[in-house]
Amino acid sequence: MACFLVPAAEAVLTTVAAKVIKSKEKEETVSVSMPDGTVAEAIRTPFSTKLGWLNKLLWGGSALLAFEHVWHGEVVPFFPFLTAVKNGETTEMLAEMSSAGVMMAVIVTAAWAGMLAVSALIEKRSLRAAAPGREEA
């Protein structure tokens, strides 16, 4: 009915947060000494970029779910837009939003947390490989 509104609301919040964080964020570089004696600089992936990944997951999922609801006639292009509201099924709609919608948002956020863990692991491995015997700065 309207479960896509919960991930869409989270997407709005994370979009605003990403813009605020990006405006205050400084680029973080790490100097890495190579075995041949040269020094290279590596740029860490900023958190605002990582938050952008979550935004893309949430916006994409919300758009796909909205399309699915339009396809099945649960969302219409005229007021009140949601057929559940028009038919007096508002309680059912809110129950679906609080169960299915919240669960979808939680699962997408958990998948993003997994992406962050893999990203951190890849960054640490690449730093260790570039500078054997030197720990991450």
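Which residue follows α2, and is its phi positive or negative? I looked it up. Gly-73 follows α2, and its phi is positive, near 80 degrees. I keep in mind that this is a predicted model.

**Entry: the overall plan**

I went through the elements next. I found 4 helices and 2 strands in the chain. Along the sequence they come in the pattern α-β-β-α-α-α.

Along the principal axes, the box is roughly 75 × 25 × 20 Å.

**Entry: inside and outside**

How much of the chain counts as buried? I found 28% of the 137 residues. The chain exposes about 8,900 Å². Carbon and sulfur atoms supply 68% of that area.

The chain has 12 positive and 14 negative charges. I noted that their mean positions are 8 Å apart.

**Entry: helix α2**

I went back to α2, which covers residues 47–71.

I then listed buried residues of α2. Among them are Leu-51, Leu-54 and Leu-58. Lys-50, Asn-55 and His-69 are also on the list of buried residues. So that I remember the cut-off: buried means under 20% relative accessible area.

**Entry: Phe-81**

Where is Phe-81? I found it in the loop between α2 and α3, and α3 covers 83–86. Phe-81 has a positive phi of about 70 degrees, although it is not a glycine. I made a note here: most residues other than glycine have a negative phi. I also checked how open Phe-81 is.

**Entry: Lys-26**

My last stop was Lys-26. It is in the loop between α1 (5–24) and β1 (29–33). Is Lys-26 buried or exposed? Its relative accessibility is 76%, so Lys-26 counts as exposed. I also looked up its distance to Leu-116. Lys-26 and Leu-116 are 90 residues apart in sequence. In space they are 19 Å apart, C-alpha to C-alpha.

Notes:
Residues numbered from 1 in each chain as written. Predicted model: local features only at pLDDT ≥ 70, side-chain atom pairs only at ≥ 80, totals over all residues. Heavy atoms only, no water. Buried < 20%, exposed > 50% of the residue type's maximum accessible area, 1.4 Å probe, protein only. Areas by Shrake-Rupley, 256 points an atom, 1.4 Å probe, with all protein chains shown as cover. Lys, Arg positive; Asp, Glu negative; His and termini not counted. Charge placed at Lys NZ, Arg CZ, Asp CG, Glu CD. Expected span 1.5 Å × (residues − 1).
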